[in-house]
Amino acid sequence: MTNDMFKLVSSFKPKGDQPQAIEKLVNGIDTGHINQVLLGVTGSGKTFTMASVIEKVGQPTLIISPNKILAAQLYQEFKQFFPHNAVHYFVSYYDYYQPEAFIPQTNTYIQKDARINAEIDKLRHAAIQSVLSRKDTIVIASVSCIYGIGDPDEYSRARLELNVGQTLATSDLFRHLNFLQYMRNDADSKLGEFSVSGNKIKIHLVTDEIIEIVVEKKKVASIKKIVDVNSSSPIPYTLNAIQIFPAKFWVTPQNKMRLALQNIRTEMDERVEELQSAGKFEEAERIEKRTMFDLEMLEKKGHINGIENYSRHMGFRKPGEPPMTLIDYFPKPFLLFIDESHITMPQLNAMSAGDRQRKGTLVDYGFRLPSAIDNRPLRFDEFRSKVGQVIHVSATPGPYEMEISQQTAEQMVRPTGILDPEIRISPAKEQVKHLLTEIQKRIKSNERVLALTLTKRSAEDLTEYLLQNGIKTKYLHSDIKTLKRPEILSALRRGEIDVLVGVNLLREGLDLPEVSLVAILDADREGFLRNYRGLIQMAGRAARSINGQVILYADLMTDSIKKTISETVRRRQIQIKFNKKIGMVPTALNKPIMEDRLTQLSNLDAE
């Protein structure tokens, strides 16, 4: 299969197991396989294989990653592979998020508290708009992409299309911009605002681009676009036409808004009567006051914080009907990759249950209307029904994807010829002191170290200990801001950090060729963080170095440790045999360290 839609740009050529894996997966798509598995050891070039499949298949592509940091890395890599195509990043835009909740046992109401990252919000809007306007789009998303974001039909229909020479009254333009949630601010317009100066209208798009429109004699005289808005000397581009999409994902036409508000009021009346009949007068008063306040604000502004709780009414969905998500914005057919599927699939399967329980309590105690329950992530069966052909990617695929997949493409051999790292066992009793000695050896060789602990507290304590001993160390866990994480990883690669300490975020998918030692503390604490798949994934972080080595600090030989050692030996034997067959000598991977879009954003965030 050959396609002209995507152009893969790389000095790499398929090597090792890659050619057969690429051919097998592409043939599987041509044949109509719904589920396939790409089982590739760490460092075997799974990302390049994915990119090669995308190029050959030529369909819009969604890649779902289990967390923001892996999504950021994939975003950077695919931006490099496809510089002439549209590659976008779509993750949760919260730096901090405390969901609304109620704890009946202590009569404690917890108000929603969140910090929205404006930079990530820009990227989300850019991704959505690209999906709707370009077929050569690749979106790298986190699992949060299965949450509702509004109706794609309404979002697309609402867009404002302008052409040079088009008849246009400025009053109509202002009215449409207000409908798109762009607010007028002639003094100092910012993201999501527009300003007017004479016959020139300047619109600051939520994607951080500026559109300048000149209207003369009720006609559009010119359209200019400024992309590099933060430059000291921005260059405007002259356009013949432009599409302006809504500033927010939730957008409802006025006639539909009136009907939606009427339906919300009807549900409120029914709910108040139901609660009063049950003798729950406090709950009835609470839901009436809260809903009336929201209705008043919606009538005035057309948008409120928490509008997603009324999404069922805004989208005119039936009770229980699935929400519209990023997946619904994609044209059909599209290709889906589930990266690190062994953890991503269980996450996708579990998200709706916890959300339902929390919302149910809010509804029971009069904090939300029953329709708020339908503001939720997709159930797993709904997710499966909305997607088509799927390729599950992992070094350790889970039993679910192996069971449903119609074929598996294996990549056991690395293009570099590097073997799986050797595994050593060392006593856990003196693990910290022993690790310090091992780190010092690696520093002398200009190599880096990853240290995996069991808890955030132990990660911070180990970091402090190493710093006190003169080791350049940082920790990385979920409290670190999204856009700071790629910056920390780049600093490790550059040698500004010698050791990176983490808990769970350093397990899957990180591409760090300079790391030659992975130290897994308390490796014999059998459980989620120290099971077979977890140990294999953590060990894989040292598989991109010729000198790669893994130290398991353990006093007991658990089943997971035994299985990890056995599988590593099996893989090394396959790799040694392949290298001998073709006369390959393992070579170091020279991967450039590039300043990517997310690192630039993290620097802005730090300022």
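Helix 1 (residues 18–31) and helix 2 (residues 46–57) pack at an angle of about 40°, with their axes 10 Å apart. Helices here are DSSP runs of H or I of at least four residues, and strands are runs of E of at least two, numbered from the N terminus. Axes are lines fitted to C-alpha atoms over the stretch in contact, and angles run from 0 to 180 degrees between N-to-C directions. The angle makes helix 1 oblique to helix 2 (under 35 degrees is roughly parallel, over 145 roughly antiparallel, 65 to 115 roughly perpendicular, the rest oblique). The crossing of helix 1 past helix 2 is right-handed, that is, the near helix is turned clockwise from the far one by less than a right angle. Helix 1 contributes Gln18, Ala21, Ile22, Leu25, Val26 and Ile29 to the contact (heavy atoms within 4.5 Å), and helix 2 contributes Phe48, Thr49, Ser52, Val53, Lys56 and Val57. By class, 8 of these residues are nonpolar, 3 polar and 1 charged.

The model is predicted; local features need pLDDT of at least 70, side-chain atom pairs count only at pLDDT 80 or more, and totals for chains, interfaces and linings use all residues. Residues are numbered from 1 along each chain as its sequence is written, and side-chain values use heavy atoms, with hydrogens and water left out.

Helix 2 also packs on helix 3 (residues 68–81), at about 50° and with the axes 11 Å apart. Helix 2 is therefore oblique to helix 3. This crossing, too, is right-handed. Thr47, Phe48, Met50, Ala51 and Ile54 of helix 2 meet Leu74, Glu77, Phe78 and Phe81 of helix 3. The contact holds 7 nonpolar, 1 polar and 1 charged residues.

The largest nonpolar core has 36 residues, of which Val53, Phe78 and Phe82 touch the most other members. A nonpolar core is a set of buried Ala, Val, Leu, Ile, Met, Phe, Trp, Tyr and Cys residues joined through side-chain atoms within 4.5 Å. Buried means under 20% relative accessible area, exposed over 50%, and partly exposed in between (1.4 Å probe, protein chains only). Among the elements that each supply at least two residues are helix 1, helix 2, helix 3 and strand 3 (86–90). Beyond four places in sequence, Val53 touches Ile22, Leu25, Val26, Ile29, Leu335, Phe337 and Ile391. A second, separate core of 30 residues includes Phe90, Leu336, Met345 and Leu348.

Lys112 lies in the loop between strand 6 (108–110) and strand 7 (113–116). Its relative accessibility is 33%, so Lys112 counts as partly exposed.

Definitions and conventions
Nonpolar A, V, L, I, M, F, W, Y, C, P; charged D, E, K, R; others polar.
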